[in-house]
Amino acid sequence: MFGGFTGGNNNQAAAAPQPAAGFSGANPQYYQQNQQSQLAAAEQEMDMISDLFNRLSDACHKKCIINKYPDGDLTKGESVCIDRCVSKFFQVNKEVGDVLAKLSEMNQNR
């Protein structure tokens, strides 16, 4: 999806983690469940990253790029606007995450 993001390895089985040395296979169901939970977590993280990228792209495109495309390249003003937009987007995203983490911590301490 991201042009080689997976390192060019399209074989899912080869990319799966292998049991540690000395693993006797005493509980193969646990190992399979662990692999499945790791895969589900990785898929969820990829979805979150894709959503973040899409929201960032949409917001900064609407704000910085004019609807008429007189040139194939970004103008200096558009480029500066996009740099600032991306910076602000991540700054706000971090600040909101920090506030939510504090609120969550306060709720857990009750």
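Reply: Start with the link of Cys 64 and Cys 81. The torsion about its S-S bond is about -70°, so this disulfide is left-handed. Its two ends sit in distant parts of the chain: Cys 64 belongs to helix H2 and Cys 81 to helix H3, 17 residues apart. The S to S distance is 2.1 Å. Keep in mind that this is a predicted model.

Burial comes next. Cys 64 has 8% relative accessibility and counts as buried. Cys 81 stands at 22% and counts as partly exposed.

The structure holds 2 disulfides, and Cys 60 to Cys 85 is one of them, with S to S at 2.0 Å. Cys 60 lies in helix H2, which covers residues 28-64, and Cys 85 lies in helix H3, which covers residues 76-108. The pair therefore ties together parts that are 25 residues apart in sequence. The link of Cys 60 and Cys 85 is left-handed, with -90° about the S-S bond.

Both ends of this bond are shielded by the buried criterion. Cys 60 is buried, at a relative accessible area of 4%. Cys 85 is buried too, at 9%.

Count the bonded cysteines along the chain, and the disulfides of the protein chain follow the pattern 1-4, 2-3.

Definitions and conventions
Residues are numbered from 1 along each chain as its sequence is written. This is a predicted model: local features need pLDDT of at least 70, side-chain atom pairs count only at pLDDT 80 or more; totals for chains, interfaces and linings use all residues. Side-chain values use heavy atoms; hydrogens and water are left out. A disulfide is a pair of cysteine sulfur atoms within 2.5 Å. Helices (H or I, at least four residues) and strands (E, at least two) are DSSP runs, numbered from the N terminus. Buried means under 20% relative accessible area, exposed over 50%, partly exposed in between (1.4 Å probe, protein chains only).
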